[in-house]
Amino acid sequence: MECFVYRLKIGLLFIALSLTSQFCKAETCVTTASEFEQKKDQLPKIFQNLPVMLTTDSWLLTAGLEIRTVGPKIKLEGHVWKPSEIYSDDSYVKKICYDGTNFNVTLENGKSYDVKIKSEGVSISGFSFEKSSASVFAGIVEKVKKAQSRSNTTVDNSANGTR
Amino acid sequence: MNKLTLSIFFCALGLLFSSSPCLAKKSPFTAGEDIEFLGKEDKALLDINKSTAFSGVLTRKDVKESDQRMLDVYEFSAASANKMDKDLCQKLADQTFGPSTEISLKTTSQELFASPRSGQICEIILRDEDERALFKERHFFAFITNNKTFGLVARFHKVPTKEKAKELRTFIKNLRAY
């Protein structure tokens with residue numbers, strides 16, 4: 001009986017410790033460009049120097065994202081070309097938090113979403129993006145703009161996604 | 001491969017390569033011109049930067065200039081009002097872009113104008129001071145039609161001329177919800 005109680009205590013202690021470590025997992029949050037500079041060492045390597053460009057280019061999705069600073073603010077710019085949509089947008093960031101695994105991005109308009117960090121890029125809404133150079137990003141932006149001017153709508157009527 | 005598997009395969013293929021206009025949803029509005037609506041449903045990346053009231057993108061099919069062709073559509077289901085005024089308009093703009101006193105986009109003007117179809121329409125102009133901004137100016141229109149409260153956002157790559165802004169107002173005035 002004593003042995004059982006001892007094992008139970010050890011078990012409970014173990015559970016308590018693992019729960020504590022989960023709750024105490026340090027989260028790094030940045031709201032401004034200067035805060036980003038101060039805390040960038042706590043962020044994944046691919047995000048330690050802004051601007052960061054992320055791209056993907058396949059028959060299903062051509063897209064480019066850029067994260068950059070605008071004065072004291074952080075801004076996101078995105079260009080997307082999928083068979084059913086062609087769209088460009090930019091938004092200012094209110095807060096970006098990193099929990100050691102993923103980013104949570106909150107925009108000034110209140111929208112919030114998760115960005116999964118991978119070894120050489122990220123995954124957003126199930127789509128993978130790789131870290132890219134400024135020239136690759138510029139090429140993707142040009143490709144999306146051309147597709148948009150061809151189709152002249154948010155719907156890709158021209159080529160059913162053919163690149 | 002049996003017939004069932006084959007038919008499922010061809011159905012999937014058909015859906016994937018089906019003509020894109022089939023993906024466009026029915027527009028929430030009628031207008032005095034040809035329009036097309038792309039709803040945010042199942043478009044994983046279309047609404048990623050938009051606030052929760054965003055419902056899709058309206059395209060004016062006969063307009064060539066891109067800044068006048070596409071407008072973001074917002075539907076404010078929680079807003080219960082029967083008359084548009086400047087306070088409600090500001091509240092809806094805050095829901096769309098974030099609180100005006102805190103956000104980076106700067107409000108440069110707010111104006112009410114009359115529409116024969118939807119009473120008072122409010123227009124708020126927001127400017128992005130970022131030199132590399134994709135859109136220098138956003139024109140937010142809020143109005144109530146058929147007991148529904150809508151917001152429409154036109155995004156201008158360049159600050160529009162008065163004539164272009166007026167053309168856009170004329171289009172908005174002619175909208176009516178189903």
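## Close-up views of a predicted two-chain model

View 1. Ile74(A) stands opposite Val93(A), a residue of strand E5(A). Strand E4 (residues 73-82) of chain A is largely enclosed by the rest of the structure, because 7 of its 10 residues are buried. In a regular strand the side chains alternate between the two faces of the sheet.

**View 2. The surroundings of Asn109(A), with contacts in both chains.** Asn109(A) is placed in the loop between strand E6 (102-107) and strand E7 (112-118) of chain A. Asn109(A) counts as buried because it has 23 C-beta neighbours inside 10 Å, where 20 or more are needed for that label. When neighbours within four places in sequence are left aside, the residues in contact with Asn109(A) are Ser91(A) from chain A, together with Ser51(B), Thr96(B), Phe97(B) and Gly98(B) from chain B. Lys39(A), which is 70 residues apart from Asn109(A) in sequence, is 24 Å apart from it in space, C-alpha to C-alpha.

**View 3. Helix H4 of chain B, with one face buried.** Helix H4 (residues 162-173) of chain B has 12 residues, and its reach of 16 Å from first C-alpha to last is close to the 16 Å expected at 1.5 Å a residue. Its buried residues are Leu168(B), Phe171(B) and Ile172(B). Seen down the axis of H4(B), these buried residues fall within an arc of 100°, so they line one face of the helix. On the other side of H4(B), the exposed residues are Lys162(B), Glu163(B), Lys166(B) and Thr170(B). The cover over the buried residues of H4(B) includes helix H2 (66-69) and several strands of chain B, among them E3 (54-60), E6 (119-127), E7 (137-145) and E8 (148-156).

**View 4. Phe141(B) in the largest nonpolar core.** This core has 66 residues, and those with the most contacts inside it are Phe141(B), Ala142(B) and Leu152(B). Not counting residues up to four places away in sequence, Phe141(B) touches Ile121(B), Cys122(B), Glu123(B), Gly151(B), Leu152(B) and Ile172(B). Of these, Ile172(B) is also one of the buried residues of H4(B).

View 5. Chain A contains 3 helices and 9 strands, and from the N terminus on its elements run α-β-α-β-β-β-β-β-β-β-β-α. Of its 163 residues, 28% count as buried, and among contacts between residues at least 6 apart in sequence, 47% join residues at least 24 apart. The pLDDT of chain A averages 84, with 77% of the residues scoring at least 70. Where pLDDT is low, the predicted coordinates should not be read in detail.

Technical notes:
Residues are numbered from 1 along each chain as its sequence is written. Chains are lettered from A and ligands numbered from 1 in the order in which they are written. This is a predicted model: local features need pLDDT of at least 70, side-chain atom pairs count only at pLDDT 80 or more; totals for chains, interfaces and linings use all residues. Helices (H or I, at least four residues) and strands (E, at least two) are DSSP runs, numbered from the N terminus. The expected span of a helix is 1.5 Å times one less than its number of residues. A residue is buried if 20 or more other C-beta atoms lie within 10 Å of its own, exposed if 12 or fewer, and partly exposed in between; C-beta atoms are placed from the backbone. The arc is that of the directions from the helix axis to the C-beta atoms. Two residues are in contact if their C-beta atoms, placed from the backbone, lie within 7 Å. Two strands pair if DSSP finds at least two bridges between them. A nonpolar core is a set of buried Ala, Val, Leu, Ile, Met, Phe, Trp, Tyr and Cys residues joined through C-beta atoms within 7 Å. pLDDT is the predictor's confidence in each residue, from 0 to 100.
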